[in-house]
Amino acid sequence: NWKMNMTPSETAKLIGELKPLIANEACDVVVCPPACCLAAAKDALCGSEIRLGAQNVHWEKSGAYTGEVSTAMLKELGVEYVIVGHSERRQYFGETDETVNKRARAALAADITPIICVGETLEQRESGSTNEIVSAQVNKALCGMSEADAERVVLAYEPIWAIGTGRTATSEQANDTIAVIRGEAADKMRIQYGGSMKPQNAKELMAMSEIDGGLIGGASLKANDFAAIVHYDK
Ligand code: PGA
C-alpha cells in the first residue's frame, strides 16, 4: 500500500527496481499505487508476476461521483486487487462499514479481489473492546456476501495504533485478534497483518499460526525493504 506516495514516473522507477528482486515467489505479491499511477504501473509490471492493486473503488458503475473510480476503470488498467476500508479512509474520509461493504461487493462482482481492512483504535484496545470492534467490522463488511464470494475476500487486520507509527502489535496480539476474526470469516479466507511490518519483524509475525500475509505501507516504498519482507523466510 503506497498510500499517497509516488508520481507516475516514480512508480515506474520503483517497479523497475522491484522486478528483478521479486521473481518466482511462492507467495502472491501485489503493489497498490495511487489511482493516477496505475497506468504507469501496468506498463512497468509487464513481464512480472507482481500483481496490481488499487487503493479504493466506488460501488456504482459510473456517474456523478467526483473523485471516485469504478471497477471498469480499474479492470482496464489490469487491476486485480483493491484495498477497501483502510483505516485512513475510515478516519479521514468518512468511510463507514456500510460503504466498505458496498465497495467490497462491487469489487467481487467485477472479479477484483477486495482487501478489506479492519482494526481498533488504541482507546478501544485499552478499554478491552478490540474483539467486539473487529468482529463487528468484519461482519458488516461481509454482509450479504455468499460463502463462495466471502472466500475470495482478503482481510487485513491493522490495529490503527500500529499504522505508520513504528509501533507494531506484538505477534501474539496480532495472532489472537486474527483468530477472533477468523471465527467470523469464511474458513478459507486469507487474513493479513498490517501496521509497521518491516524486514526486522516480518519473520516473527509470519511465523504465527493465524497470519497468512502482510499489508505493508511505509516499508513498501523501498524496493529492498519490500523484497526483504517478501523473502522473510530466506
Ligand atoms: P505501515 O502501513 O506499514 O506504514 O504501518 C500499513 C497500512 O496502513 O496498510
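Ala, Val, Leu, Ile, Met, Phe, Trp, Tyr, Cys and Pro count as nonpolar, Asp, Glu, Lys and Arg as charged, and the others, Gly among them, as polar. This is a predicted model, in which local features need pLDDT of at least 70, side-chain atom pairs count only at pLDDT 80 or more, and totals for chains, interfaces and linings use all residues. Residues are numbered from 1 along each chain as its sequence is written, and side-chain values use heavy atoms, with hydrogens and water left out.

The ligand is surrounded by 13 residues, the closest being Lys-3, His-86, Glu-158, Gly-164 and Ser-196. This shell comprises four nonpolar, seven polar and two charged residues.

Next, select Glu-158: one of its polar side-chain atoms lies 2.7 Å from an oxygen atom of the ligand. Proceed to Gly-164, where a polar backbone atom is 2.7 Å from a ligand oxygen atom. At Gly-218, a polar backbone atom is 2.8 Å from an oxygen atom of the ligand.

How values were computed:
A residue is near a molecule or strand if one of its heavy atoms lies within 4 Å of it. A polar contact is a pair of N or O atoms within 3.5 Å; within protein, one must be able to donate a hydrogen and the other to accept it, and residues adjacent in sequence count only if both atoms are side-chain atoms.
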